[in-house]
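Visitor: I would like to learn how features of a fold are read from a set of coordinates, taking one feature at a time. Could you give the general idea in each case and then show how it applies here?

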Amino acid sequence: MTRPFRFGVNMTTATGGDEWRKRCRRAEELGYDVILVPDHLGMVAPFPALAAAAEATERPRLGTFVLNAAFWNPTLLAREIATVDALSDGRLELGLGTGYVREEHERAGLEFLPPGERVDLLTRTVDELDRLLGDASPVPRPAQSPMPPLLIGGNGDRVLRLAAERAAITAFTGARHTPEGLRAITAGELAERVAAYRGFEAGRAAPAELNLLLQFVTVTHDRRAAVRELLPRVGLDEDEALELPLLAVGTVRQIADQLRAQRERYGFTYLTVLDPYMEAFGPVIEELRGG
């Protein structure tokens with residue numbers, strides 16, 4: 001049976017309290033299922049922001065997208081998770097990743113570990129959270145037992161294997177590191193990563209929900225003109241960019257058809273947009289509801 005779509009908005013723009021609550025309520029009005037907060041220096045702190053979002057809304061779930069494991073002591077993180085889950089009456093979803101921005105680690109006085117060691121740290125964090133939140137009497141106690149649903153984000157084999165073994169939701173990133181910096185991965189490269197994940201999850205009792213962050217959304221009748229402006233940022237030619245799953249460009253119907261096709265090809269049913277595109281994507285949510 002095809003899993004229905006869910007929609008999240010990643011709130012990357014810092015605002016004051018009144019504006020924050022207003023934007024969270026607007027996300028709820030537009031039909032978003034999850035209000036998400038990233039974990040980057042220079043943006044709002046995830047857990048206070050999610051607590052404020054919970055107070056301002058009734059229906060959407062609340063998620064971290066995603067926490068940088070190196071920023072968090074697992075014991076203190078367990079307390080944050082349990083508190084926000086309890087205060088939101090069980091609406092929290094926990095997103096975790098390895099972290100990838102060297103400059104942020106350095107600003108925080110943290111060593112930027114090699115990739116393999118960052119995956120080791122992420123694995124230890126997941127193990128510790130399982131232990132701490134699965135304790136019979138943690139204080140405070142999360143509303144969801146034994147803990148909120150876990151999302152793990154990444155593209156590398158070890159992270160995808162960990163996600164296949166431990167996470168309820170697997171989030172695929174749309175870029176990879178190169179000597180020249182981040183580069184968007186092509187549709188074929190993403191298909192290969194999804195296929196690798198499918199191999200890791202073989203034998204799993206129930207398939208995970210698969211997430212993709214749509215990096216750019218524009219409603220237009222001229223897809224090529226819109227994509228042409230993005231070519232310097234994605235490092236691909238025009239035809240390759242038009243095929244990118246992380247770009248949602250076209251009329252509302254074209255974007256909806258694209259996302260339905262991607263659900264069939266890759267299995268992506270949980271779609272996230274960045275908050276500057278929250279309004280533009282609203283009609284697409286309406287188009288896809290029930291489909």
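Guide: The buried residues of H7 are Ala187, Leu190, Arg193, Val194, Ala196 and Tyr197, where buried means under 20% relative accessible area, exposed over 50% and partly exposed in between, with a 1.4 Å probe and protein chains only. Helices (H or I, at least four residues) and strands (E, at least two) are DSSP runs numbered from the N terminus. The model is a predicted one, in which local features need pLDDT of at least 70 and side-chain atom pairs count only at pLDDT 80 or more, whereas totals for chains, interfaces and linings use all residues. Residues are numbered from 1 along each chain as its sequence is written, and side-chain values use heavy atoms, with hydrogens and water left out.

Visitor: What do the buried residues of H7 pack against, and how many residues does this helix have?

Guide: An α-helix has 3.6 residues a turn, so residues three or four places apart point the same way. In this model the buried residues of H7 pack against helices H6 (157–166) and H11 (252–266), and against strands E7 (169–172), E10 (209–214) and E13 (268–274). H7, residues 187–200, has 14 residues and reaches 20 Å from its first C-alpha to its last, close to the 20 Å expected at 1.5 Å a residue, the expected span being 1.5 Å times one less than the number of residues.

Visitor: Which residues touch the most other members of the largest nonpolar core?

Guide: In soluble globular proteins, nonpolar side chains tend to be buried together. The largest nonpolar core here holds 91 residues, of which Tyr32, Leu96, Ile152, Leu214, Phe268 and Phe281 touch the most other members; such a core is a set of buried Ala, Val, Leu, Ile, Met, Phe, Trp, Tyr and Cys residues joined through side-chain atoms within 4.5 Å. Helix H5 (residues 115–134) gives the largest share of this core, 6 residues. Ile152 touches, among others, Leu96, Leu122, Val126 and Ile169, not counting residues up to four places away in sequence, contact meaning heavy atoms within 4.5 Å.

Visitor: Which peptide bonds are cis, and where does Asp89 lie?

Guide: Most residues other than glycine have a negative phi, and most peptide bonds are trans. Here the bond from Phe65 to Val66 is cis, with omega near -15°, and Val66 lies in the loop between strand E3 (61–64) and strand E4 (67–68). The bond from Ser145 to Pro146 is also cis, with omega near 0°, and Pro146 is found in the loop between H5 and strand E6 (150–153). Asp89 lies in the loop between helix H3 (74–87) and strand E5 (92–97), and its phi is near 60°, a positive value in a residue other than glycine. Asp89 is exposed, with a relative accessible area of 67%.

Visitor: Is Leu246, which is found in a loop, buried or exposed?

Guide: Leu246, in the loop between helix H10 (238–242) and strand E12 (247–250), is buried because its relative accessible area is 6%. Leu246 and Gly174 are 72 residues apart in sequence and 6.3 Å apart in space, C-alpha to C-alpha. Leaving aside neighbours within four places in sequence, the contacts of Leu246 include Gly174, Leu212 and Leu214.

Visitor: How many helices and strands are there in the protein, and what is its radius of gyration?

Guide: The protein has 12 helices and 13 strands. Its radius of gyration is 19 Å, close to the 19 Å that the globule rule gives for 291 residues, so the protein is as compact as a globular protein of that length; the radius is taken over C-alpha atoms, and the rule is 2.2 Å times the number of residues to the power 0.38. Buried residues make up 52% of the 291 residues, and of the contacts with a separation of 6 or more, 74% are between residues 24 or more positions apart.
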